[in-house]
Every structure is written in structure tokens, then in C-alpha cells.
Amino acid sequence: MPSHWRAIITQYAFSLICSLSVSLSDYSDFRTQQLQFRGDMPVARPETSDVRVIAHVDMDCFYVQVEQRKQPELRGLPTAVVQYNEWQGGGLIAVSYEARKCGVKRSMRGDEAKAACPEIQLVQVPVARGKADLNLYRSAGSEVVSILAQSGKCERASIDEVYLDLTDAAESMLADAPPESLELIDEEVLKSHILGMSRKDGDDFKESVRDWICRKDADRRDKLLSCGIIIVAELRKQVLKETEFTCSAGIAHNKMLAKLASGMNKPAQQTVVPYSAVQELLSSLPVKKMKQLGGKLGTSLQTDLGVDTVGDLLQFSETKLQEHYGINTGTWLWNIARGISGEEVQGRLLPKSHGSGKTFPGPRALKSLSTVQHWLNQLSEELSERLSSDLELNKRIASTLTLHASAFKSRDSDSHKKFPSKSCPLRYGVTKIQEDAFNLFQAALREYMGPFGSKPGNKQETWRITGLSVSASKIVDIPSGTSSIMRYFQSQSTAPSRSADGCVQDHVEMTPSATEGCSVQRSTEAQAIIHEEDTGVTYTLPNFENPDKDIDLVSKEDVVSCPSSEVTVIPTQLESNRSTQTKRTGRKINNQNEKNRGMPSIVDIFKNYNATPLSKQETQEDSTVSSTSRRANFSSSSHSNKVNQEVEERRETDWGYKIDEIDQSVFDELPAEIQRELRSFLHPNKRLNTSKSKGDGSTSSIAHYFPPLNR
Ligand code: DCP
């Protein structure tokens with residue numbers, strides 16, 4: 001059997017898996033949301049009736065601490081980490097608390113910081129591929145996560161932030177060693193800031209904290225919170241001991257409150273939000289400071305409803321808010337005004353997406369396609385390396401590639417028009433990502449420039465690119481039994497984009513459907529998307545108490561317009577182990593083969609589905625449909641009988657994808673008999689009699705192209 005067909009089928013399987021949730025319907029919903037100002041609208045999740053104890057742990061001036069650990073002589077000195085370039089000494093991205101006292105802020109350039117604080121120590125971010133290399137910081141963040149993850153459900157929210165669900169640990173402590181029974185309470189615990197805690201005149205702060213924590217008459221919620229305070233203080237001490245890093249934390253009954261609290265007393269402190277303090281905390285909190293209210297929704301609250309603080313929301317009934325913002329968002333707003341949030345800690349230690357970005361401020365703005373391509377190649381290379389690492393170490397694949405850029409038109413009154421973001425299915429392999437990223441860029445540029453915009457080769461081009469980023473999102477675990485696909489990915493990661501026989505030509509077409517499926521950034525996002533040079537990350541989420549910390553390391557829902565396409569730069573712990581690609585690949589493939597020995601191959605799964613019984617009538621129906629209607633069937637998936645529904649459900653459970661999501665173009669590349677066979681696998685109710693499909697009983701079956709591993 002010609003090897004290229006095997007490659008095509010493997011590519012098909014790859015595409016199928018990569019299509020897990022990249023459905024056209026997703027994209028079109030997405031478009032609708034953008035147009036109707038419904039994108040990323042928050043959704044209410046009911047708070048469980050059970051009391052939870054949630055902590056948000058945030059490292060203090062993180063990159064500075066990482067650099068100070070590397071160079072201990074910098075400890076205690078005003079220090080800043082700078083993204084160096086020749087323009088005014090580069091941009092500051094992390095500032096120590098000593099330097100903050102001298103008035104140094106993250107928004108400053110190196111020269112400005114020196115003027116404000118002549119003794120400041122400026123440390124440069126490591127550079128690779130002409131841009132910041134954040135691996136040192138990623139792996140430092142992973143060290144912290146591995147310590148915190150031992151305490152309970154742990155969600156890594158960014159390079160230096162973690163949510164912990166400590167409910168179980170707190171309940172155990174309350175049952176076994178309640179705070180009121182403790183003779184000795186650690187100093188770190190006694191330094192906690194408890195919002196709303198009353199202090200008797202002349203009472204020592206620490207004594208008041210002790211009294212609060214040890215109250216016998218406290219209700220169960222506060223008692224659990226007290227346990228949380230003790231647990232978090234202990235964890236923070238452990239982090240300090242094992243990593244030499246200090247961190248701050250917020251402890252509350254939900255994520256929203258914990259996050260708000262963690263930045264209130266920095267560095268190296270913890271803040272607690274008992275139920276009784278929620279109203280006071282929220283009453284003066286500007287709406288724009290709330291997660292998910294930093295953009296259009298927050299602006300609409302201000303302009304349409306005259307709401308400036310979260311407390312102002314209290315005057316509106318749930319129905320009124322629902323009238324304005326829909327049922328879900330209305331309820332969500334009503335809830336947050338009362339400090340209610342059912343959002344769960346995700347139990348995720350790995351990133352939800354990977355991103356690589358760079359800004360080109362001032363005179364460094366890019367103005368030719370060749371320079372854009374050069375930088376996209378660099379960014380894609382970094383992204384591809386991270387994807388390979390994730391695949392290899394965590395057995396995960398990403399399925400959507402997104403390009404973001406910020407731009408301006410120098411001679412156009414419309415110069416504030418946003419540069420559209422574009423997405424397409426992600427193909428593994430450096431060259432493919434580079435090609436696709438550049439295609440996305442060109443499509444976006446065409447849209448940005450409009451019908452009368454610059455033509456290729458036109459010397460009068462007026463666009464300038466001030467930021468570029470590529471990201472990979474919709475990351476899922478590879479289903480078991482796909483070790484052949486793993487091998488495919490591995491070879492793709494190091495091989496050129498096309499197979500030797502040139503048959504795997506899964507080119508991303510910039511057809512209207514491909515480009516229309518792309519997203520358009522929200523208006524407030526343009527600066528947020530890539531406002532730091534080279535950091536490879538996007539920032540948002542203003543911090544409550546620290547005005548200069550109005551950024552966060554995860555773009556989260558309110559930055560990237562693609563649904564759940566978060567440009568996160570959270571590393572895997574193992575990413576720190578960056579030996580050369582070749583070396584790593586070779587070793588890991590062997591491990592992978594060992595690991596997968598005895599696992600079912602993909603063909604077994606195909607075979608199982610082929611065994612599904614079907615009625616003769618259904619079979620005949622399909623054999624007469626035209627290719628056009630077959631396509632329609634292929635994407636419409638209307639199953640009426642129960643058996644087929646069950647098959648469908650089972651398939652979706654096993655594979656985690658929806659039939660509607662498979663890329664038709666990949667399908668079209670297959671030989672007719674294979675197309676029929678795959679179609680029958682995908683649509684058992686339209687199954688052909690596969691035994692007749694070839695007639696000669698020779699090599700037509702998928703099984704033939706997918707020999708089991710142990711062959
Ligand atoms: N970062 C960056 N570019 C930015 C903002 C942050 O590269 N524009 C990096 C450097 C920070 C790290 O992300 O050290 C974490 O960002 P935080 O917002 O948590 O800020 P810090 O940890 O530096 O300080 P803080 O103690 O205020 O949290």
C-alpha cells in the first residue's frame with residue numbers, strides 16, 4: 001500500500017482529533033457574539049450550598065524574585081527586570097517592592113526608572129530568537145505549583161498565580177485539630193489581614209487575629225475559613241523554604257473573593273474575606289476592577305446603568321439586569337454584587353493555551369511583509385517548540401491557531417481601527433505553523449486595509465505593525481489508543497511541512513469560510529493584547545489594590561476573542577527541561593512506545609464502530625446520495641433512531657469530538673472507498689456495505705492502513 005495514503009489517513013485522524021472542538025458552529029457563534037456584544041459574556045454558576053474554602057496565591061514581583069534567587073547579591077536592593085532594547089533603556093516588566101518605594105513603576109522605561117531611583121538594579125530578561133525567553137520564569141512558577149498542588153485541588157491561573165480549593169483540608173483540620181484547640185498559632189498566621197475584623201481598643205493586632213481564629217462561637221463558615229488561614233500560611237512558608245520565593249494570598253469562600261483579596265496586602269502577606277465582610281469589600285470596588293468587567297460589559301454598566309462600583313449593582317433587581325444583559329449575565333451580575341460565585345477551581349496544572357508574542361513599539365514598528373514574516377517565523381518556532389513539548393510530555397494537542405496583531409495606519413483617519421484576530425485549525429510542525437500564521441496575518445491585513453488598501457508590492461503601504469502574537473488553544477488530552485498519531489506528531493515536529501511524496505497537503509485555505517470564522521478583537525483589547533515587548537504573554541485583569549498591577553499573565557476570556565482561546569503562558573513543570581529537540585524526541589518516543597504497548601490502536605476503534613449493525617434501508621439510502629448531499633449529511637448529523645444516537649454518544653465519549661466538526665477538505669483528499677468507509681464510521685445510520693466497497697477484498701479497509709502497533 002502506498003505510504004502516502006497511510007499518511008493521509010493519519011493526517012485525517014490527526015485532523016479529526018484536532019477538530020475536537022473547533023467547530024464551525026463555534027466560530028459562527030463566536031462571530032455573532034462579537035457583533036452583538038455578547039462575546040465572552042459572563043455566565044452565572046450557582047454557588048454550591050456547601051461552604052468552600054478557596055485560596056488565590058500570587059507570587060510577589062515574580063520575575064524580580066527569580067532573578068534575585070539567581071543573583072542573591074540583589075536581594076533587598078531596588079531591582080527591576082527589564083525587557084531590554086535600545087529605546088530608553090527598555091521596558092520594565094517587574095519591579096521589586098524596594099524599587100516601588102522609590103516611585104518606580106512597571107510602566108516606566110529603564111531610563112526613567114534610573115532617574116527616579118538612581119541605585120536601581122536593572123536585570124535583563126533572557127533573550128532567545130530575538131525575543132524574551134521566559135523559560136526560567138515558567139519553570140520557577142512550576143516549582144511553586146508543585147508545592148501548592150499537594151494541598152488540594154490546584155488550578156494554575158498564570159505563570160505566577162494559583163487557585164487552591166482547600167475545602168477538604170479545612171474540613172479535616174476542623175474535625176481533627178480545630179483552631180480553637182491549638183495552643184500555639186504560628187506567627188505567619190497571626191499576621192493575616194482579616195477583613196472586617198473588629199479590634200478592641202488597645203488590642204494588639206496579632207492578638208485580635210488570634211481571637212478571631214480561635215472563636216468558639218464562630219459559625220462553621222468562619223471556622224473553616226480559620227482553618228484555611230492556617231493551611232495557607234503553612235503553604236506560603238513551605239514555598240519560601242523550598243523555593244526562596246515569597247507570595248501573597250487571598251482566602252475566601254470563592255475564587256472571585258480570594259482573587260480580589262490576594263493583592264490587597266502585598267508582599268508576603270495574606271488577606272481573608274469572611275462572609276460578613278463581603279458587602280463592604282464590594283461596595284466601593286470600581287466595576288472595572290472586577291474580572292470580566294474590564295471591557296465592554298463594564299463600560300455598558302457605567303454608561304447605560306450609571307453603575308460605578310460593584311455595590312451600585314445592588315440597587316438593580318435580577319430581572320432588571322437580565323432585561324439588559326440576558327438571563328445568564330444578568331444573574332451573574334446580580335450574584336457578583338453579593339459576592340456570590342460558583343466558579344470552581346479547575347484542578348488544572350497545565351496551561352489552557354500557549355502563546356508567543358512580541359511588540360514593536362515606536363520606530364521599531366514593522367512595515368513590510370517580509371519583516372512580519374520573519375517575526376512570525378520566530379514566534380511560530382517558539383510556539384511549535386512548546387507544543388511539541390506539551391505533546392511529548394503531557395500527551396496533549398492543541399487544535400486552534402490564532403494570530404493577534406496590533407497595528408496602525410499612519411496616513412489614515414481610520415488609524416484606530418483594530419487589527420482583526422484570525423484563527424484556523426492548528427497543524428503541527430514548525431513550517432506549517434509558520435505558513436498558517438503568515439496566511440492568517442495576510443488575511444487579517446486584507447481585512448484591516450479594506451478593499452482600497454495596499455496591494456502587495458505597493459510602495460505606498462501605510463500600515464505599521466506594533467505587536468504580533470501567535471497562540472495555540474483548545475488543548476485536549478490525546479485519547480488513549482492513538483500512539484500512531486503520537487508518532488505522526490513527533491515526526492511532524494521535526495520534519496518539513498510536507499511528506500516526501502508531497503501528498504499531505506493539508507494547506508489552510510484562506511477561503512471566506514476560513515477567514516470569516518476568525519474573530520475580531522474587542523475594542524478594549526488592542527493595547528492589552530501585546531503591550532509588553534517580547535514577553536510572549538498578554539495581560540489584563542486589573543488588580544484591586546495595586547494600581548500598577550493592572551495586568552495579569554493570562555489573557556483569559558476577556559482578552560482573546562476566540563472563545564476559550566486564552567493566550568496563556570503558563571509552563572509545564574517539565575518544560576524547564578529544555579534539552580535539544582532531537583535528543584528529547586528520541587528518548588521520549590521510546591518511552592511512549594513502551595507506554596503504549598498493549599494499548600488499542602486507532603484501528604481497533606475504527607473496527608469497533610464498523611461492527612455497529614445498520615439497517616439495509618439506511619445503507620441503500622446512502623449509496624444513492626449525491627456527493628453534495630453527502631456533504632450536507634456529513635455536517636448536519638440528524639440521527640433519529642435511538643441506536644444510532646447511542647453510537648453517536650459513545651463515539652463522542654470515546655473520542656471527545658463532534659461529527660460536525662471534521663474538516664471536509666481533509667476528507668475529500670481520501671480515496672473514494674476510504675471516504676465511504678470513514679463516512680460509515682462517522683455516520684453509522686448512513687453506512688455503506690463496506691465489504692462491497694472494494695469488491696476484490698483487497699486493501700480497501702481502514703484497518704489495512706492502520707496496522708496495529710505490534711505488527
Ligand atoms: N509580567 C510581564 N509583563 C507585564 C506584567 C507582568 O512580563 N506587563 C511578568 C513579570 C511579573 C510576572 O509577569 O513578575 C507576574 O506579574 P504580576 O502582575 O503578578 O506582577 P508581579 O508578580 O511582578 O508583582 P506583584 O507582586 O504586584 O504581583
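Where in the chain is the place of asparagine 265? In this predicted model, asparagine 265 sits in the loop that runs between H11 and strand E11 (270-272). Its relative accessible area comes out at 19%, and because buried means under 20%, asparagine 265 counts as buried. Set aside the neighbours within four places in sequence, and asparagine 265 is in contact with His193, Ser248 and Thr271. Serine 192 is also worth a look here: 73 residues separate serine 192 from asparagine 265 in sequence, while the C-alpha to C-alpha gap in space is 9.3 Å.

Stepping back to the whole chain, there are 29 helices and 15 strands. Of the 711 residues, 56% are buried. As for contacts with a separation of 6 or more, 72% of those in the chain link residues 24 or more positions apart.

Next come the cysteines. The structure holds zero disulfides. Cysteine 154 has a relative accessibility of 3%, so cysteine 154 counts as buried. Cysteine 247 also goes down as buried, because its relative accessibility is 2%.

Now to helix H15, which covers residues 327-337. Eight of its eleven residues are buried, so H15 is largely enclosed by the rest of the structure. The buried set runs through Thr329, Gly330, Thr331, Trp332, Leu333, Asn335, Ile336 and Ala337. What do these residues of H15 pack against? The partners are helix H11 (255-262), helix H12 (278-283), helix H13 (296-305) and helix H14 (318-325). Just past the end of H15, glycine 339 takes a positive phi of about 70°.

Two packed helices can be described by the angle between their axes together with the distance between those axes. For H14 and H15, the axes come within 7 Å and cross at roughly 135°. An angle like that makes H14 oblique to H15, and the crossing is right-handed. On the H14 side, the residues involved are Glu318, Leu321, Gln322 and Tyr325, which meet Ile327, Thr329, Gly330, Thr331, Leu333 and Trp334 of H15. Sorted by class, this contact between H14 and H15 has five nonpolar, four polar and one charged residues.

The other helix pair to go through is H16 (residues 369-394) with H17 (residues 430-449). How do the axes of H16 and H17 cross? They come within 8 Å, at a crossing angle of roughly 135°. H16 and H17 are therefore oblique to each other, and H16 passes H17 in a right-handed crossing. H16 brings Leu369, Val372, Gln373, Leu376, Asn377, Ser380, Glu381, Leu383, Ser384 and Leu387 to the contact, while H17 supplies Val430, Ile433, Gln434, Ala437, Phe438, Phe441, Gln442 and Leu445.

Note on methods
Residues are numbered from 1 along each chain as its sequence is written. This is a predicted model: local features need pLDDT of at least 70, side-chain atom pairs count only at pLDDT 80 or more; totals for chains, interfaces and linings use all residues. Side-chain values use heavy atoms; hydrogens and water are left out. A disulfide is a pair of cysteine sulfur atoms within 2.5 Å. Buried means under 20% relative accessible area, exposed over 50%, partly exposed in between (1.4 Å probe, protein chains only). Axes are lines fitted to C-alpha atoms, for helices over the stretch in contact, and angles run from 0 to 180 degrees between N-to-C directions. Helices (H or I, at least four residues) and strands (E, at least two) are DSSP runs, numbered from the N terminus. Angles under 35 degrees count as roughly parallel, over 145 as roughly antiparallel, 65 to 115 as roughly perpendicular and the rest as oblique. A crossing is left-handed if the near helix is turned anticlockwise from the far one by less than a right angle, and right-handed if clockwise. Contact means heavy atoms within 4.5 Å. Ala, Val, Leu, Ile, Met, Phe, Trp, Tyr, Cys and Pro count as nonpolar, Asp, Glu, Lys and Arg as charged, and the others, Gly among them, as polar.
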